[in-house]
Amino acid sequence: MSRTPDPALLGLSQGWCALSALHGRIEAHIERALQAAHGLSVREFSVLDVLSRQHSGEGGHLRMNEVAEAVVLSQSATTRLVNRLEDRGLLTRYLCLTDRRGIYTDVTEAGLALLEQARPTNDTALREALDEASKREDLAPLVTAVESLVPAS
């Protein structure tokens with residue numbers, strides 16, 4: 001016995017597939033650009049970027065679980081990624097002064113310098129990927145939606 005699919009669920013499913021395709025295209029394009037120019041993966045760039053926004057004071061530093069949440073990785077994958085970046089001298093870890101169980105992660109000067117060099121590459125690749133995706137009928141509305149999220153300056 002075959003059931004007629006719920007049109008609303010079918011629409012959601014198609015929308016999710018288009019969103020997933022857009023994300024995959026953008027990430028792959030940025031990955032190639034960052035790897036070629038700076039030897040960085042998208043995830044490595046994301047970790048450096050998130051950690052570079054830390055500040056002194058209450059709530060200014062991220063624990064490893066907060067880093068994992070910010071870059072949408074599992075705790076173990078984040079730990080491996082941070083280990084690799086630390087081995088390259090781009091990150092450092094230290095104990096929280098108020099809670100010795102807590103470990104913070106921070107970007108080193110070398111990490112900040114690499115991030116500064118890589119940011120234009122990331123931004124250009126993002127723009128290129130969005131421009132290319134906007135030419136596809138199934139992805140163009142999503143590109144418009146993403147671009148509408150940019151605050152007016």
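I looked up Tyr-104 in this predicted model and found it buried, since its relative accessible area is 16%, which falls under the 20% cut-off. For Tyr-94 I read a relative accessible area of 30%, so I noted that residue as partly exposed.

I then searched the whole structure for aromatic pairs, and the search returned one. That pair is formed by Tyr-94 and Tyr-104, with 5.7 Å from centre to centre and 55° between the planes, and I recorded its geometry as tilted. Because Tyr-94 sits in strand E1 (residues 91-95) and Tyr-104 in strand E2 (residues 103-107), the pair ties together parts that are 10 residues apart in sequence.

Next I turned to the helices. I found helix H3 (residues 64-71) packed against helix H4 (residues 75-87) at an angle of about 100°, with the axes 9 Å apart. On the H3 side I listed Met-64, Asn-65, Val-67 and Ala-68, which meet Gln-75, Thr-78, Thr-79 and Val-82 of H4. Sorting this contact by class, I got four nonpolar residues, four polar ones and no charged ones.

Which residues does Thr-78 touch, not counting residues up to four places away in sequence? I found Met-64, Val-67, Ala-68 and Leu-73 under that condition.

How values were computed. Residues numbered from 1 in each chain as written. Predicted model: local features only at pLDDT ≥ 70, side-chain atom pairs only at ≥ 80, totals over all residues. Heavy atoms only, no water. Axes fitted to C-alpha atoms, helices over the stretch in contact; angles between N-to-C directions. Helix = DSSP H or I, 4+ residues; strand = E, 2+ residues; numbered from the N terminus. Contact = heavy atoms within 4.5 Å. Nonpolar A, V, L, I, M, F, W, Y, C, P; charged D, E, K, R; others polar. Phe/Tyr/Trp six-rings, centres within 6.5 Å; stacked < 30°, edge-to-face > 60°. Buried < 20%, exposed > 50% of the residue type's maximum accessible area, 1.4 Å probe, protein only.
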